[in-house]
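I opened the model and kept notes as I went. The entries run from the whole chain down to single residues.

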Amino acid sequence: MLVETLSVFPDMFEVPMSTSIIGRARKKGILEFKAHNLRDWTHDKHRSTDDEPFGGGQGLLMTCPPIFEALDELVSTEPKPLVIFFTPTGQPFDQSMASELAGHERLLMVCGRYEGFDERVYTLADRCISLGDYVLTGGELAAMVVTDAVCRLLPGALGDEASAVDESFTQGLLEYPQYTRPAEYRGLTVPDVLLSGDHAKVREWRRKAAIEKTARLRPDLLDDAWLTDEERAFAEQLRDS
Ligand code: ADE
């Protein structure tokens, strides 16, 4: 997969996009990453990318010309990218969106700064994404978060393929609690079943524990979780208790 970003701070991506799983995925050729500098598509002495809003008001907006010109050029090459704009007014990012994006060959992520974009740039967007209901200083961190969540879903990016299947949100539930050695630490113990070696019992315990944890910490997720009728009855009982 090719991920490209368009931003006035391309250097921000250097360390996060070269470290750990993402760095390894790039070395293995699973992910290709390019950070473009939006200022390369400006024509004035100051290489400006922002201006005051018509009608007055606080702050500066990202202007149309450099973004349109950059996309004219970047979108003209094959494979055509999915063009993503980051903005708090976008669709909230979640695990199912990460899976969907992981199926694309090329993503082009446009990152705003200042008070946001001139509204007309959204005519270029295939997708507008928000990380959540808060305002960041720019879209670069959002692009890194989305790249991270997508990259780890690419085949071969994680050492153990199974680890992307069991985890939180994959079946609409939080992940079950996990423990490692020592089996007792400062009086804190591990559930006996996990030490029993009985794989069927462990699987059953984990499923139940995932439902319990979701009911306790994120009951809002239960409505859309993939549950059997029996599990749903159990979840409803937990929610009502
Ligand atoms: N840019 C500023 N705030 C943002 C947010 N919450 N999500 C995505 N992009 C943003």
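The notes below start with conventions and then turn to the chain, its cores and some loops.

**Conventions**

I worked with a predicted model, in which local features need pLDDT of at least 70 and side-chain atom pairs count only at pLDDT 80 or more, while totals for chains, interfaces and linings use all residues. Residues are numbered from 1 along each chain as its sequence is written, and side-chain values use heavy atoms, with hydrogens and water left out.

**Whole chain**

I looked up the secondary structure and found 7 helices and 9 strands in the protein chain. These are DSSP runs numbered from the N terminus, helices being H or I of at least four residues and strands E of at least two.

I then checked the overall dimensions. The radius of gyration of the protein chain is 22 Å, whereas a compact globule of 241 residues would have a value near 18 Å. The radius is taken over C-alpha atoms, and the globule rule is 2.2 Å times the number of residues to the power 0.38. The C-alpha trace spans about 70 × 40 × 35 Å along its principal axes.

For burial, I noted that 40% of the 241 residues are buried. Buried means under 20% relative accessible area, exposed over 50%, and partly exposed in between, with a 1.4 Å probe and protein chains only. The accessible surface of the protein chain is about 14300 Å², and carbon and sulfur atoms hold 52% of this surface. Accessible areas come from the Shrake-Rupley method with a 1.4 Å probe; for residues, only the protein chains shown count as cover.

I also looked at contacts (heavy atoms within 4.5 Å). Among contacts with a separation of 6 or more, 72% join residues 24 or more positions apart.

**Nonpolar cores**

I searched for nonpolar cores, meaning sets of buried Ala, Val, Leu, Ile, Met, Phe, Trp, Tyr and Cys residues joined through side-chain atoms within 4.5 Å. The largest has 30 residues, and those with the most contacts inside it include Leu31, Ile84, Phe86 and Leu101. Two or more residues each come from α1 (20-27), β5 (82-92), α3 (95-102), β6 (106-111) and α4 (140-151). Helix α4 gives the most to this core, with 7 residues. A second, separate core of 17 residues includes Leu38, Trp41, Val83 and Val121.

I followed leucine 101 further. Leaving out residues up to four places away in sequence, leucine 101 touches Met1, Leu82, Ile84, Phe93, Leu107, Arg127, Ile129, Val146 and Val150.

Threonine 49 sits in the loop between β2 (32-37) and β3 (50-51). Is threonine 49 buried or exposed? Its relative accessible area is 0%, so threonine 49 counts as buried.

I went on to tyrosine 114, in the loop between β6 and β7. Tyrosine 114 is not a glycine, yet its phi is positive, about 55 degrees. With a relative accessible area of 35%, tyrosine 114 is partly exposed.

**Tyrosine 122**

Tyrosine 122 is in the loop between β6 and β7 (127-130). Not counting residues up to four places away in sequence, tyrosine 122 touches Phe85, Thr87, Phe117 and Cys128. I took the C-alpha to C-alpha distance from tyrosine 122 to phenylalanine 54: 17 Å, for 68 residues apart in sequence.

**Backbone checks**

Which residues does a cis peptide bond with an omega of about -10 degrees join? I found glutamate 78 and proline 79, and placed proline 79 in the loop between α2 (64-75) and β5. A cis peptide bond also joins arginine 181 and proline 182, with omega about 0 degrees. Proline 182 is in the loop between α5 (163-166) and β8 (184-185).

Arginine 186, not a glycine either, has a positive phi near 50 degrees. Arginine 186 lies in the loop between β8 and β9 (188-189) and is exposed, at 73% relative accessibility.

**Alanine 215**

I ended in helix α6 (residues 199-217), which holds alanine 215. Alanine 215 is buried, at 13% relative accessibility. Apart from residues up to four places away in sequence, alanine 215 touches Leu222 and Leu238.
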